[in-house]
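Q: Please take a close look at one spot in this structure for me. After that, I'd like to hear about its surroundings and the wider picture.

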Protein chains: 2
Amino acid sequence: MADAIRHDKTARQLRLLSDALDSGRLGPVRRLVNTLSPAEIGNLLESLPPGKREVVWGLVDPEDDGEVLVHVGDDVRESLIADMDPDELVAAVEDLDIDDLADLVEDLPDQVIEEVLKSMDRDNRERLEQVLSFPEESAGRLMNPDVVTVRADTTVDVVLRFLRLRGELPDHTDHLYVVSRRHQYLGRVALSALVTHEPATPINELIDDEQAAIPVTTPESTVANQFSDHDWLSAPVVDENNILLGRITIDDVVDIIRERAEHQALSAAGLGEDEDLFSPVPRAVRRRVIWLAVNLVTAFLASAVVGQFAQTLERVVALAILMPIVAGMGGNAGTQVLALMIRGLALGQVGASNLRALVWKEVRVASVNGLILGSVVGGVAWAWFHDWKLGLVIGIALMSNFLAAALVGVLAPITLRRLNLDPALAGGVVLTTATDVIGFVSFLGLGTLILLG
Amino acid sequence: MADAIRHDKTARQLRLLSDALDSGRLGPVRRLVNTLSPAEIGNLLESLPPGKREVVWGLVDPEDDGEVLVHVGDDVRESLIADMDPDELVAAVEDLDIDDLADLVEDLPDQVIEEVLKSMDRDNRERLEQVLSFPEESAGRLMNPDVVTVRADTTVDVVLRFLRLRGELPDHTDHLYVVSRRHQYLGRVALSALVTHEPATPINELIDDEQAAIPVTTPESTVANQFSDHDWLSAPVVDENNILLGRITIDDVVDIIRERAEHQALSAAGLGEDEDLFSPVPRAVRRRVIWLAVNLVTAFLASAVVGQFAQTLERVVALAILMPIVAGMGGNAGTQVLALMIRGLALGQVGASNLRALVWKEVRVASVNGLILGSVVGGVAWAWFHDWKLGLVIGIALMSNFLAAALVGVLAPITLRRLNLDPALAGGVVLTTATDVIGFVSFLGLGTLILLG
């Protein structure tokens, strides 16, 4: 378990911190906290229950406050912002990069936004407004307008002199962008090319124009896939006229990849990726009860199906005892198919062209598994209730439910996606409803026919 | 649905390709495939059913073969390697970077490994052997030994002249590493510092020694967390004597983050992250049947519990009809807690120091949810079966099961982690076993006491 290492390290820090907090010795806590990077402080704050969280937040170096706010989930961010007065907030966020500030802006009180805007120079204010004018979760929101551009009709030597005059480059600058007189994107020049070529080399010999720029409205998930498909460290962002607007860097893309993975893992349980480990009880209840209520409706649906067989159940109690097995195992088998499909959809590997091949493969797997486990379950049921007919009924019902689970496991996520619903969120509910209903109908229906027929 | 964009794009490519393959026109397929990056080709191959997969693999430019093999999951890689003869394989992999070659080596036939080793110069062979000497999933396996080093007692000008003589830098070089005479790691100099400082600047003024080097045995999950906590693009790797061994770059870290996320999503269904969408049926059966068999044992356990109440069920069939609701809703509520806990464990946010606070929060959430949904379910049951006592029984049973689900949801993943078991893999089975058993016992037990008492 490689994860255990980080777990152990952070757990040790947590324990130290917790002990120090309990004893009221805040000096060591402050020292410990301020050896951490903003992302690590964010992680730590997310792990603290209310009360302790506020104490530690108060000990963070005010210089790091803004970066820490950028690195925590929405819910936790809200709780931290609620603890700050407007002046502190203005001081915390006014020096952030434009892309980070844009990310925070909707969580800030209006008064703070106004102050921050006032404190910015006109250029930066216009840049922020431009970034905010693009849709959420688009390349425009991810980009930082702070880019270094050069012209093609110059030489390495001239560029180096320009850079020495300019001084420090924006974080994570691995390329300079070459633009036309009208600021259209023409290509990029790697810093590594600048330092490995003779001063007299013309820049237009070093231009790499293979990497197309990212249109500013591109969804962030597409941006993330492009970065990881092409091993980019940064990429230029352009408007519809190919005018260079900014630059996206891999560190922001890594955050998106993590968020998407968390989204997928948590939405299967009806939760959002910004859910706070210690969210206030009323909020947690409100969020969870909706998903539970949806599941409750489907549970009643399954019970109503069982209710149709009340007379059968009264006469053969063994059916009542065994029926959860058929429904549950169908759900388990379907969950395996569903998990593969959801990954395939996220990677763009599943579509109309391979649907038939997928169904055919899963039907064959389900048939063999159904045969194996149906025989086992049938045999055990026969031995348990001394009734071979009961064994036959449960064996056939299990096989049927495995086949149904394979079909629903493949087709439900694809159908949900076509309906613009999130398969990771809704797939499980649809699947278990189907395997419950089909499991109960096939088992109790066959039981009625064969045992009471 | 942002994912839908990629889905649509790849689905379109897939359909075009599929049509072209069906019609036997391989020219357009070859052209289409060879506009893609190796990672995209890998993604495409993973989405193709057997038959088509081999045809397309045969059309890939042999120059890309090695990189494509690096970018596919283990299962698919095995199927692709099986399609190549030894000479093709040697040609495909001999020009790979050392870290990529190390990643592939265990999947290659011995004969091919021998040929590749023979084709390498002594330096590279020693480097490969060194990389392979480190444990799997450690920093040593991720690093590339190809690094550019400089000495501290020199100037920008001298370094630039050295780099111009050296020529092209390794991919993703954003820093040069400063080493001592004995090759000990002293710090790093950013390319961006080289290009923004005057030629006469001494290198030791530009050294950033704040980023500690990564010990070579560090687990890759820790490496991934460090990269994302500190927004690194690359990091030096050292042995126990601080001798510089190589360099890890963010592109490999992104792959690890993706793999870990896939692992977490798929292991909840008892599958590995290398599972091929189109794995051969016998292999798929073998893998899945084990996890299903474990679930079957727990299902029989739950049925055995139900069996204890056979007499009660014979007399009150409504209990048989409603019992899946209590067990199922407990499982749903527990799944929400479990999902939060598994994320918390992966992020190192959950440990002994906040366990009590977590349990307390989840118990309160479960109490309120239990009260709300218990009342709803009780009311519906009362109305359905015209029996207020039955409503009372199911209401109390549901509340009890919600509380049990909260406790198991928090404690099971922590306990599994302590036992060095993967909570993402085993947590769901433990949870549903508990909520099934506790749900049935509380509902049928209370039913026996109150309805038949």
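A: Happy to. A:D239 sits in the loop between β5 (234-238) and β6 (244-249) of chain A; helices (H or I, at least four residues) and strands (E, at least two) are DSSP runs, numbered from the N terminus. This is a predicted model, in which local features need pLDDT of at least 70, side-chain atom pairs count only at pLDDT 80 or more, and totals for chains, interfaces and linings use all residues. Residues are numbered from 1 along each chain as its sequence is written, chains are lettered from A and ligands numbered from 1 in the order in which they are written, and side-chain values use heavy atoms, with hydrogens and water left out.

What does the side chain of A:D239 reach? It reaches the backbone nitrogen of A:N241 at 2.8 Å, a polar contact (a pair of N or O atoms within 3.5 Å; within protein, one must be able to donate a hydrogen and the other to accept it, and residues adjacent in sequence count only if both atoms are side-chain atoms). Setting aside residues up to four places away in sequence, A:D239 touches A:V216 and A:L245, where contact means heavy atoms within 4.5 Å. A:P215 is 24 residues from A:D239 along the chain, yet their C-alpha atoms are separated by 5.8 Å.

A:D231 counts as partly exposed, at 23% relative accessibility; buried means under 20% relative accessible area, exposed over 50%, partly exposed in between (1.4 Å probe, protein chains only). A:H386 also has a positive phi, near 50 degrees, without being a glycine. Its place is the loop between α19 (352-385) and α20 (388-418) of chain A, and at 68% relative accessibility A:H386 counts as exposed.

Now for a loop in the other chain. B:T173 lies between α12 (156-166) and β2 (175-179) of chain B and is buried, with a relative accessible area of 10%. Its side chain reaches the backbone oxygen of B:P170 at 2.6 Å. Beyond its neighbours within four places in sequence, B:T173 is in contact with B:L191 and B:R247.

Stepping back, chain A is divided into domain 1 (3-137), domain 2 (149-250) and domain 3 (281-452), with bounds that come from an automatic or database domain assignment. The C-alpha centres of domain 2 and domain 3 of chain A lie 53 Å apart.

How do the two chains relate? Chain A can be laid on chain B with an RMSD of 0.1 Å by a turn of 180 degrees and a shift of 0.0 Å along the axis, so the copies are related as by a two-fold rotation axis. The superposition is by least squares on the C-alpha atoms of residues with pLDDT of at least 70 in both. Because 100% of the interface residues of chain A are also interface residues in chain B, the copies meet through the same surface.
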